[in-house]
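Hello,

Here is the structure for your files. Please open it alongside this note; my findings follow below.

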Amino acid sequence: VQLQACGGGLVQAGGSLRLSCAASGLTFSKYSMGWFRQAPGKEREFVAGITWGAGNSYYPDSLKGRFTISRDNAKNMVFLQMNSLKPEDTAIYYCAADDGVLVAIETVDYWGQGTLVTVSS
């Protein structure tokens with residue numbers, strides 16, 4: 001199984017980025033997908049999730065309204081649209097696959113390699 005994330009980069013505060021994650025080696029439509037991030041010196045935290053099947057999305061309250069997760073089952077891809085970025089969004093962003101209904105850090109089956117997002121003030 002491979003999860004290949006890309007789309008990170010340097011952006012000014014208030015800007016936008018769209019991350020992509022291409023999955024292979026798994027039955028993509030049967031996995032819930034998620035994004036997590038890890039800032040320097042901090043623990044990895046949940047950013048967004050989208051269920052398999054109905055494709056319901058969910059976010060931590062702190063990120064609702066700025067981040068949007070979506071998936072394309074035909075292309076085995078998941079995306080994270082990030083708007084109104086803040087310096088505190090700076091982190092390595094990881095995509096993840098979970099065979100449960102909800103993606104949780106404790107139950108993730110597969111991790112991508114991460115893509116760095118840097119937001120300058």
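**Aromatic contacts and cores**

Phe-46 has a relative accessible area of 22%, so it counts as partly exposed. Keep in mind that this is a predicted model.

Phe-36 is another matter: its relative accessibility is 1%, so it is buried. Which rings does Phe-36 pair with? The search of the whole structure gave five aromatic pairs. In one of them, the ring centres of Phe-36 and Phe-46 are 5.6 Å apart with planes at 70 degrees, so the geometry is edge-to-face. Phe-36 belongs to strand S4 and Phe-46 to strand S5, so this pair ties together parts 10 residues apart in sequence.

Phe-36 also pairs with Trp-111, again edge-to-face, at 5.0 Å centre to centre and 65 degrees between the planes. This pair links distant parts of the chain, 75 residues apart: Phe-36 in strand S4 and Trp-111 in strand S10. Trp-111 is at 32% relative accessibility, so it is partly exposed. Ring pairs join Phe-36, Phe-46, Tyr-58, Tyr-94 and Trp-111 into a cluster.

Two charges sit over rings. The charged end of Arg-44 lies over the ring of Trp-111, 4.5 Å from its centre. For Arg-71, the ring is that of Phe-28, also with 4.5 Å to the centre.

Now the cores. The largest nonpolar core holds 30 residues, and Trp-35, Leu-80, Met-82 and Tyr-93 have the most contacts inside it. Elements giving it two or more residues include strands S1, S3, S4 and S5. A second, separate core has five residues, among them Phe-36, Tyr-58, Val-103 and Val-108.

Best wishes

Terms used:
Residues are numbered from 1 along each chain as its sequence is written. This is a predicted model: local features need pLDDT of at least 70, side-chain atom pairs count only at pLDDT 80 or more; totals for chains, interfaces and linings use all residues. Side-chain values use heavy atoms; hydrogens and water are left out. A nonpolar core is a set of buried Ala, Val, Leu, Ile, Met, Phe, Trp, Tyr and Cys residues joined through side-chain atoms within 4.5 Å. Buried means under 20% relative accessible area, exposed over 50%, partly exposed in between (1.4 Å probe, protein chains only). Helices (H or I, at least four residues) and strands (E, at least two) are DSSP runs, numbered from the N terminus. Rings of Phe, Tyr and Trp (its six-membered ring) pair if their centres lie within 6.5 Å; planes under 30 degrees apart count as stacked, over 60 as edge-to-face and the rest as tilted. A charge sits over a ring if NZ of Lys or CZ of Arg is within 6 Å of the ring centre and within 35 degrees of the ring normal.
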